[in-house]
Amino acid sequence: MPSNYKRLLRGIYIAFFVTLFLMILNVFLPYYGHIFPYSKKYYNDPVGMLPRGANHHLQRESNDRMIDSLRHQIEDLRKVLETKTNQLEAVKKINVDFENVRSIVLPDNEMFADGDRIFHYLKDQMERSKILKGSPLRSEYNVNEYTMFDRHYVYQLDTGLGTKPQDVILRRSDLSKELNEVCDEALRSLNGGPERFKVSPTYRFTSEDFLHGMFRTERDIGTQYELVYKPESSSNVPNKSQLFRVTLFRPFAPVTHISSSSTDTSETIYFIVPLQGREDTFRIFLDYFKDFCIPDGNVYLTVVYFGNEALSEIIQLLDELSSKTGFKHYQVITMKNEEFSRGKALQFGASSLNVDDPLMFFCDVDIGFTKEFLHQCRAHTIAGKSVFYPIVFSLFNPSLVYKHNEIPILRDRQVIKSNNGLWRDFGFGMSCQHLSDFKKIGGFDLTIKGWGTEDTLLFRKYTQSNTMVIRSPVNSLFHHWHTKHCDKTWATEQYESCLRSRARTEGSQLSLGLEYFQLKAELESKHT
């Protein structure tokens, strides 16, 4: 580089730093004039002729103006901070009237006066989600199912090749981290809010109170979580316990607490079971009912029976149950001259309940259940707001599952594994709903005969209404395999639905494939 050019560049640098130094001196000298006691700039005396007392007076005036300016700036900052804090609290506690709100479109220009686009974006995500209110869907296939989990396992519909219908949460590092964060936030919200005082003034929820949770993701909005707690981790819990449900939402941002509510565990669940014959299956059903429902103390059983065959045996089984346990809360409705119709049985059973808006569970006789289901039914069925459609685990034909082994007893076969059964996501027969919602939706189509279709049509009505449909696999209901007769005289849709059900619940693809190839090999060997 030429020397003249270097000198020019050096001169520019020197001039720049001298100018910068003078600018700094000009800015800070009024505040640190005591360091330069004879500065004319500091004393505001151009020629240095004013008395020293007058200079101090001018200094105080300058300082007073500066303090006043700083005070106003601090007040402005305080107001901005208060505005942002209120906005954040509004996001956390949002409870929007969805009837009167219009969706906010996040613009690229300055639409919002406060300029806080993030706040309005999160608010828009919550308003667009279906957390607080259901909305009509195009068809029943558009229901966004939940995934259930408890302390150890996650129960999922979309298994794929690498996962299982029941999977250990700790094996899924991403899921384990997510659910731990959600459970921690739920505990903070319960212990930091007024709900815990419904238990006792000193009670604090812990992870031991957690019963189960569910979550689902709306792909363009965020993830919703529903967690259910039952206070039982302390000895000072009152006899009248409650279920506490916490709703959380992650709008593709930090988890946000939506609401906390409680459900009384003493709410009676009214079982309604259609029946015709099948006294051996009913005997098994009553064994489950005796072991898991009667101890709860808040259940009622209605059996709607068609025909006369085996009716006396059914009544005798109920009388024996009553004499052994003291259980008196049941009734048998007989429809002796009626052709069997599942929808008609459930409709008549619902109409027979002379209580104020009962919580009903439509149940089949070949269902096995655990006591956890009672909590799930109560927690997720809210009159005027939601109905609960659990997805049961359907067991395969035991002669295929245990082909080379001794078949275990029925309860030991209730294991959620892919070779044992599948999630019956094509079935809508099991459901919890309040009578008021059932009447409001119009009940069953009573023109349908036999089994099937009536439950699908009822489910479709709910999905096309403003009632939220809670749909999730559950670890508490099992459909026991049994032979299934499909009558060709049924309507085409009903008959084909029956055949599809038989095909799907006979065995796993692997079991059926092995059976097919074994039979094929045997046939080929006979012809050679």
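Tutor: Cys 486 and Cys 498 form a disulfide with their sulfur atoms 1.8 Å apart, where a disulfide is defined as a pair of cysteine sulfur atoms within 2.5 Å. The model is a predicted one, in which local features need pLDDT of at least 70 and side-chain atom pairs count only at pLDDT 80 or more, while totals for chains, interfaces and linings use all residues. Residues are numbered from 1 along each chain as its sequence is written, and side-chain values use heavy atoms, with hydrogens and water left out.

The torsion about the S-S bond of Cys 486 and Cys 498 is about -80°, so this disulfide is left-handed. Cys 486 lies in the loop between strand 16 (468-479) and helix 13 (492-505), whereas Cys 498 is in helix 13, so the pair ties together parts that are twelve residues apart in sequence. Helices (H or I, at least four residues) and strands (E, at least two) are DSSP runs, numbered from the N terminus. Cys 486 counts as buried because its relative accessibility is 9%, and Cys 498 counts as buried at 5%. Buried here means under 20% relative accessible area, exposed means over 50%, and partly exposed lies in between (1.4 Å probe, protein chains only).

A search of the whole structure finds two disulfides. The other link joins Cys 377 to Cys 432, with an S to S distance of 2.2 Å. A value of -125° about the S-S bond makes the link of Cys 377 and Cys 432 left-handed. Distant parts of the chain are connected by this pair: Cys 377 belongs to helix 9 (residues 372-380) and Cys 432 to strand 15 (residues 431-434), 55 residues apart. Both Cys 377 and Cys 432 are buried. With bonded cysteines counted along the chain, the disulfides follow the pattern 1-2, 3-4.

Two further cysteines deserve mention. The sulfur of Cys 363 is 8.4 Å from the closest cysteine sulfur, in Cys 293, which is too far for a bond. Cys 363 is buried, with a relative accessible area of 0%. Cys 183 also counts as buried, at 18% relative accessibility.

At 1.5 Å a residue, the 20 residues of helix 5 should span 28 Å, and its end C-alpha atoms are 28 Å apart, which agrees; the expected span is 1.5 Å times one less than the number of residues.

Cys 363 leads in turn to Phe 271. Leaving aside neighbours within four places in sequence, Phe 271 is in contact with residues including Phe 285, Phe 289, Cys 293, Phe 361 and Cys 363, contact being heavy atoms within 4.5 Å. Phe 271, Phe 282, Phe 285 and Phe 289 touch the most other members of the largest nonpolar core, which has 49 residues. Helix 6 (residues 279-293) gives the most to this core, with six residues. Such a core is a set of buried Ala, Val, Leu, Ile, Met, Phe, Trp, Tyr and Cys residues joined through side-chain atoms within 4.5 Å. A second, separate core of 25 residues includes Val 143, Ile 333, Tyr 389 and Leu 458.

Ile 333 of the second core is also the bridge partner, in strand 10, of Val 304. Strand 9 (residues 299-306) and strand 10 (residues 330-335) pair in the parallel sense over six bridges, pairing being assigned if DSSP finds at least two bridges between two strands. The chain crosses from strand 9 through helix 7 (residues 311-325) to strand 10 in a right-handed β-α-β crossover; right-handed means that, with the strands pointing away from the viewer, the path from the first strand over the helix to the second runs clockwise.

Val 143 of the second core is among the contacts of Thr 463, as are Ser 135, Ser 139 and Val 469, when neighbours within four places in sequence are left aside. Thr 463 is found in helix 12 (residues 454-463) and counts as buried at 2% relative accessibility. Ser 139 lies in the loop between helix 4 (117-128) and strand 1, and is buried with a relative accessible area of 19%.
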